[in-house]
Amino acid sequence: MQARPLHQRGGAPWVRSTDTIYVRSLDGPVHVKIGTVPDCLFCGIAAGDIPARKILETDRIVAFHDINPQAPVHVLVIPRSHYADVAALAAAGDGLLTEVIEQAHQVATMTGVADGGYRVVFNTGDDGGQTVQHVHAHVLGGRAMTWPPG
Ligand code: AMP
Ligand code: ZN
């Protein structure tokens, strides 16, 4: 039988959008990718099941305008595969985090803010202000950013 994600094998109700699965082997922990999580908003946007104003798509990345923009340019860049946060994405170690950053720069170029400067933010965890548990880079630009952030 061909290997398929758990949730496609008759369902895995214990897997939630906040989950990251690690398997420990003799060589150390192995990150197991959760492809699509049924109750995840951004998995739904990546799959095209939930509408969004997409501006860029590749085989592994989707970028779309934030529904509640905090700057003239406010775009979210996500991997199609589900990772709860940037630490989980980094742990995957397959170059996908680099691709997210590369596409964030591509978004900045496409929206005309690359030369003037822009900000890339990964809100992480409760104190970091993360509200959607599917890793996303905020690309903010089109105005001078303040520091420190709120
Ligand atoms: P964070 O609070 O860092 O997890 O960022 C989540 C972001 O997702 C917020 O900036 C929201 O405005 C944005 N957001 C929530 N729902 C949608 C949606 N349906 N389409 C686009 N952006 C969304
Ligand atoms: Zn997701």
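**Entry 1: burial and confidence**

What percentage of the 150 residues of the chain count as buried? I looked this up and found 27%, where a residue is buried if 20 or more other C-beta atoms, placed from the backbone, lie within 10 Å of its own, exposed if 12 or fewer, and partly exposed in between. I note that this is a predicted model, in which local features need pLDDT of at least 70 and side-chain atom pairs count only at pLDDT 80 or more, while totals for chains, interfaces and linings use all residues. Residues are numbered from 1 along each chain as its sequence is written, and chains are lettered from A and ligands numbered from 1 in the order in which they are written.

I then checked the pLDDT, the predictor's confidence in each residue from 0 to 100; its mean over the chain is 87, and 77% of the residues reach 70 or more. Over residues 1-13 the pLDDT is below 50.

**Entry 2: helices and strands**

I counted by DSSP runs, numbered from the N terminus, with helices (H or I) of at least four residues and strands (E) of at least two. The chain has 3 helices and 7 strands, and along the sequence they follow the pattern β-β-α-β-β-β-α-α-β-β. Confidence is lowest in strand S1 (residues 21-25), at a mean of 56, and highest in strand S7 (residues 137-141), at 99.

In soluble globular proteins, nonpolar side chains tend to be buried together.

Leaving aside neighbours within four places in sequence, its contacts include Lys 54, Val 75, Gln 103 and Val 107.

**Entry 3: two prolines**

Where is Pro 69? I found Pro 69 in the loop between strand S4 (61-65) and strand S5 (73-79), and Pro 69 counts as partly exposed because it has 13 C-beta neighbours inside 10 Å. Pro 148 is in the segment after S7, and the peptide bond to Pro 148 from Trp 147 is cis, with omega near 5 degrees.

Key
Two residues are in contact if their C-beta atoms, placed from the backbone, lie within 7 Å.
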